[in-house]
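Reader: I am new to this and would like to know what stands behind each term. Please set the values against the definitions as we go.

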Amino acid sequence: MALNLRQKQTECIIRMLNLNQPLNATGTANEEIYKILIYDKFCQNILSPLIHVKDLRKHGVTLYFLIDKDRKPVHDVPAVYFVQPSQVNVQRIVADASRSLYDSLHLNFSSSIPRPLLEDLASGTLNSESIDKILKVHDQYLEFVTLEHNLFSLAQKSCYVQLNDPSAGDREIEEIVEKVASGLFCVLATLAVVPVIRCPSGGPAEMVASVLDQKLRDHLLSKNNLFTEGGGFASSFQRPVLCIFDRNFELSVGIQHDFRYLPLVHDVLGLRLNRLSVPGEKGGMRSYELDSSDPFWVANGSLEFPEVAVEIETQLNKGKGTKMDKLRFAIIYLICSESINPSEVEAIETSLRESEVDTCAFQYVKKMKSLNVSLASSNSASRSNIVDWAEKLYGQSISAVTAGVKNLLSSDRQLALTRIVEALMEGRPNPDVDSYLVFDPRAPKSGSGTSGSHLKGPFKEAIVFMIGGGNYMEYGSLQEFAQRQQPVKHVIYGTTEILTGIEFVEQLTVLGQKMGLGSTVASPAPTL
């Protein structure tokens, strides 16, 4: 089987737009019905990378509005709602029904609506004598954003901060874990697969894996469940493996620059939901949509820019990097050092302060390092290559930045994440992954994170999920690995949110501030 998440999610959305009726061979309903689409901001982000305006019209959607905007009545037309199951959205729906804004309401929630909210919906429409306006209620299990065929995000902001916040209590952590597990459940329900789950022991990865395992077990007990694939030992080798990791597994990758086209566009130009805006030649902003409909983007997104390394040397020789460049370098240097040399760290801190750089993020990573927290399974960038940047950024006595950049970011460099995923997919004895836990929701429960050896591989397909923020560097590395295999393997990459290096450093800064570390840069004193 080939897992195509983008195609599966698009099919679910098209079915929803056609009032959840069966579709014909052309992908449309047999009877075209004109309707209005109402969505919230989160579901707008789900739709944005998948459905264009012309596609909405193709499926009979004549008007579309955000649910929290004031709307005028449109009579004799059904309305399709696509919203998160929240208290405020249920209140809005009840208000719309009581005002008879539309002929009928077809409600589609992005994930399973909790029973208390369903009861609020029922009582609210009963009290306003408008319950007859609610024609259908569907749980769609679509609470994730698919950006490419093999790339998705749960769009859960600041997850890394929330999970590592020193003031977070057990209840807050449990709520975050539940939210992440629910998002992953939506992905698996859309794909209609029950994977074998692998993860390192301890930390957020095990917590999410355990909650997700129980969710799947509970759901599989119902006769009409969402998973259509066969169960039992015979199909075990055709099931995918779900590999769950936490951002601290390989922290440096969240901060590094990558020299491939797609990661560069994301990091430098701020690609979001497959769209970006850049200044136009004659003023104003120009917007571009970069997705599978753009053949140049498809052909070149994963390619490297060999000239970029040379250009970086030229540019660094001119404002020696920005403050954020210096901070990102310093953090990577710290992560990739096997041990902390106090004099070297002090010199870096002095340089950062002299450059008026906020050191909270640096101090946070330094604190974690001093507490013997493992921030990376392996050094994705060796120390000798990392320090090649120092002369250009800080004026230290090391040279050859171009060679360093090419070595540091060459295409044959394999991330620790990719190496571990490869081992998990092979399923052979391997000291790197022998200690990884196994959860199989289809097998009898036999203790915490244990299962039969027959379910350990090999696997043709994998879903790799990073808790706490992922990036296009990891996505690209995994796709390169999959394409190199004979026969070609299939890997889907997902994360709680896709972050640029700057955005991730900002989360480290927040954690440093919460721990009272580092220093915010004070404004210069006024001159007399």
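This is a predicted model: local features need pLDDT of at least 70, side-chain atom pairs count only at pLDDT 80 or more; totals for chains, interfaces and linings use all residues.

Reader: Why is α18 called largely enclosed?
Author: A residue is buried under 20% relative accessible area, exposed over 50% and partly exposed in between, with a 1.4 Å probe and protein chains only. Eight of the eleven residues of α18 are buried, so the rest of the structure largely encloses this helix. The buried ones are A416, L417, T418, I420, V421, A423, L424 and M425.

Reader: What covers the buried residues of α18?
Author: The cover includes β8, β9, β13, α19 (472–484) and β14. α18 packs on a sheet, touching β8, β9 (241–246), β13 (461–467) and β14 (490–495); contact here means heavy atoms within 4.5 Å. The direction of α18 makes about 150° with that of β9. Such angles run from 0 to 180 degrees between N-to-C directions of lines fitted to C-alpha atoms, for helices over the stretch in contact.

Reader: What is the order of the open sheet of seven strands, and which are its edge strands?
Author: The order is β6-β7-β14-β13-β9-β8-β12, with mixed pairing. β6 (145–148) and β12 (437–439) are the edge strands, as each pairs on one side only.

Reader: How do you know that β8 and β12 pair?
Author: Two strands pair if DSSP finds at least two bridges between them. Three bridges join β8 (residues 196–199) to β12 in the antiparallel sense. C199 has L437 in β12 as its bridge partner.

Reader: What is the strand order in the open sheet of five strands?
Author: It is β2-β1-β3-β4-β5, with parallel pairing. β2 (61–66) and β5 have a single partner strand each, so one side of each lacks a neighbour in the sheet. Neighbouring strands of this sheet are turned by 20° against each other on average, direction ignored.

Reader: How many bridges join β3 to β4, and how many join β4 to β5?
Author: β3 (residues 78–83) and β4 run parallel and share six bridges, with F82 opposite N108 in β4. β4 and β5 also run parallel, joined by five bridges, and L105 stands opposite I134 in β5.

Reader: What makes the crossover from β4 through α5 to β5 right-handed?
Author: The test is that, with the strands pointing away from the viewer, the path from the first strand over the helix to the second runs clockwise. The crossover from β4 through α5 to β5 is right-handed by that test, and β3, α4 and β4 also make a right-handed β-α-β unit.

Reader: How many residues of β4 are buried?
Author: Six of the six, so β4 is largely enclosed by the rest of the structure. In a regular strand the side chains alternate between the two faces of the sheet. S104, H106 and N108 are buried on one side of β4, and L105, L107 and F109 on the other.

Reader: Which residues of α5 are buried, and which are exposed?
Author: L117, L121, G124 and T125 are buried. They cover an arc of only 90° around the axis, which puts them on the same side of α5; the arc is taken from the directions from the helix axis to the C-beta atoms. On the other side, R115, P116, L126 and N127 are exposed. The cover of the buried residues includes α4 (87–98), β4 (104–109) and β5 (134–139).

Reader: Why does E497 count as buried?
Author: Its relative accessibility is 10%, which puts E497 in the buried class. E497 is found in the loop between β14 and α20 (501–514). Leaving aside neighbours within four places in sequence, its contacts are S153, Q156, K157, S158, C159, G469, G470 and Q507.

Notes: Residues are numbered from 1 along each chain as its sequence is written. Side-chain values use heavy atoms; hydrogens and water are left out. Helices (H or I, at least four residues) and strands (E, at least two) are DSSP runs, numbered from the N terminus.
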